Amino acid sequence: MSGRTTVAVGMSSCGIAAGSRVVFDTLKKAIAQGGLNAEVVATGCVGACHAEPLVEVRESDGRAFLYGNIDEAKALSIVQKHLTAGTPVVELLIPADYPYMAKQKRIVLSNCGVIDPESLEQYQARDGYEALKKVLTSMTPEAVIEQIKTSGLRGRGGAGFPTGMKWTFARGAKSTTGKKFIICNADEGDPGAFMDRSVLEGDPHAVLEGMLICAYAIGSDEGYMYVRAEYPLAIKRLQIALRQMEEVNLMGDSIMGTGFSFHLHIKEGAGAFVCGEETALMGSIEGKRGMPRLRPPFPAERGLWDSPSNINNVETYANVPHIILMGGAQYAKIGTEKSKGTKVFALAGKIKRGGMIEVPMGISLREIIFDIGGGIQNDKKFKAVQMGGPSGGCVPESLADVLVDYDSLTATGAIMGSGGMVVMDESTCMVDVARYFLSFIQTESCGKCTFCRIGTKRMLEILTRITEGRGEEKDVAELEELAAKIKISSLCGLGQTAPNPVLTTLRYFRSEYDDHIRNKRCTAKKCKALIRFQVKADACTGCMVCAKVCPTKAAHGERKKVHEINQATCVRCGLCFEACRFKAIEITTGAQAFSDEKAALTLPVSGKD
Amino acid sequence: MEQAFQALLAEWKGVKGNVIPLLQKTQDIFGYLPQDAMREIAHVTGKTSSEIYGVATFYAQFRFTPMGKHVMKVCHGTACHVQGADSLDTVVEQRLGVLPGNTTSDGEFTVEKVACLGCCSLAPVVMIDGEVYGRLTGDKLGKIVAAVGGAK
């Protein structure tokens, strides 16, 4: 590619959603029309999702310029000013010392947004498959496992089990079927998490290389990549990668002529959160209902089709080639005593700069949220960060200095989890968040264990009642009792951790529960049954915008006259509040909203879930 | 369609773990899982119809009634929830007159509620016919629905 300028456009799902396809086409057309010596390529996600669509201009002399928030017009200006006239468009550039990048340490994401994920050559140009070559030509399986053990790598799917130990078990297991399987768990089901999707879309070969190394280490010749169906682009890129590997003998019989053979199947999930649990996932591959089963026997002993199986998460496998190349000891220098290496997080929610980040273990949550993420949107007050999805919990602002490592996070009641990090501000109601997760768990419970199936239902009913202003004093105690019972009486991790979002919010935000129950007040002004939208007569200009956006015609009035909101037909969607340019609509709650008892009782009930 | 289905059955007959891929590809052909098709899958895979039905109903992906011309998936992931996904539901309900899980009476739209589309930093998002629309407001979504529905 020397002598030629490369223009890279981030084309992962989120980039495309933000409009990168139009940008890509515009650039291509304008460059062709101008007869410029530049090539437009599609890359994966560089991680700065808040600034999508992203365009990077890489000069032939190695200099790179990253542009953010690009649309059609801006793309044309890049072509005219930068590519044609040779002057970078300074006002569109993301500065080189951008704080979003400065505190990150990118190992797993080192190729994401840099290479074209659909090009095997570009992966190989950045040491791709060198680790595999090293392993196959100069290391025994035991030596590979030893390196992984030395690195201290722990499962990145959430539970944090030491990877080297898992591999040892699978290597040592006797197979009665003559087969051993390896599986990659890419059934990223946690709502609010998209790490695996980004890695698979941005650098699929790294994950596949990690799987091959694992297969060699444990002595397996067949494997499965289980990807959720909601990620069509990741599946497509994996299929392309697999085909490329087969063409050059990186997959199939006697890989690189070494006598080591491996075959991989890509399996699409069918939409069941519980299939992220390893035994359920294996059941699903076998074509059954994805229901967890009792362990032991652990998969390493008896897994897929009764054969010893090793199952790891996408990010875990993606770390493996890097560990082999840099050496386990070098990798272990990153991070804390018990949590080595880096962790990829999906930063989302009420954060200024959301996206995919990779940080060294041992960084504090505050650094992630404020230094990398730039703080809270609209400079509102930071309230909590939800980690680990439905199995995790909410870490409050007061504990934001906690370090990111498996044990410190577990001590807060949350978990490291797979990497979802949803930031919440003062406008997020913690009771509603708890209800949200319980509603998710309730839908996704496979139904095998009574407490998970019915206990979560009872908890959801209580939480719904509280958010609808019908909470009772005894509710909190009942929630705690149910939570304790669900934890001890469920078979799998999903059930055992199901009450966590409720327990952590109770632990840190008890006053919000009490406020809902006793004062019918939702301080975050989120719970529909406890709020009212009202027009402030002194601020309303009678511009009619609220009346126009109101889906139920509850907001009404004549031009240039103060408008009104009919409380009987208002569905509390908030569209008028968003639309009003004069801040003339206020949201009230508690005694302020419902001065008379009757008004509170005639409220529409929101419990659609 | 029937021909494609028969070819599919022949292709996957005897393959290990073929039940779910068969159901998925059958749904690709018909847009949903017709009862007769499930019976034939049972026959080919050597399972009972009830086993096949049990598997199909376990997974959120499978449908037992025909889909609308356009499929809208409203994301209810954590980030989308926090950023106001339920307001989008209200807009959809008002605009199309259906609750998630249903198809409009004119067969134009099927509306579904999904757990997470993984585009969290663009929350709230919806996916219409495989295309993700992000950073939505109720107003924006209303316009998108009108545009998609209008493009007949």
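Predicted model: local features only at pLDDT ≥ 70, side-chain atom pairs only at ≥ 80, totals over all residues.
Visitor: Which residues of helix α4 of chain B are buried?

Guide: Within α4(B), residues 49–58, the buried set consists of Ile52(B), Val55(B), Ala56(B) and Phe58(B).

Visitor: Why do they line one face of the helix?

Guide: The general idea is that an α-helix has 3.6 residues a turn, so residues three or four places apart point the same way. In this case, the buried residues of α4(B) lie within an arc of 165 degrees when viewed down the helix axis, and therefore line one face. The face turned away from that buried side bears the exposed residues Ser50(B) and Thr57(B).

Visitor: Against what do the buried residues of α4(B) pack?

Guide: They pack against α2 (19–30) and α3 (35–45) of chain B.

Visitor: How is helix α6 of chain A to be read, and which of its residues are buried?

Guide: In α6(A), which spans residues 130–138, Ala131(A), Leu132(A) and Val135(A) are buried. Their directions fall within an arc of 100 degrees about the axis, so these residues too line one face. Thr137(A) and Ser138(A) are exposed on the face turned away from the buried side. The cover over the buried residues of α6(A) includes α7 (141–151), α10 (204–218) and α13 (314–326) of chain A.

Visitor: How many residues link domain 1 and domain 2 of chain A by contact?

Guide: The domain assignment places domain 1 at 5–96 and domain 2 at 120–331 of chain A. Four residues of domain 1 are in contact with six residues of domain 2. On the domain 1 side, one of these residues is nonpolar, three are polar and none is charged. The C-alpha centres of the two domains are 34 Å apart.

Terms used:
Residues numbered from 1 in each chain as written. Chains lettered and ligands numbered in written order. Domains from an automatic or database assignment. Contact = placed C-beta atoms within 7 Å. Nonpolar A, V, L, I, M, F, W, Y, C, P; charged D, E, K, R; others polar. Buried ≥ 20, exposed ≤ 12 C-beta atoms within 10 Å, placed from the backbone. Helix = DSSP H or I, 4+ residues; strand = E, 2+ residues; numbered from the N terminus. Arc of directions from axis to C-beta.
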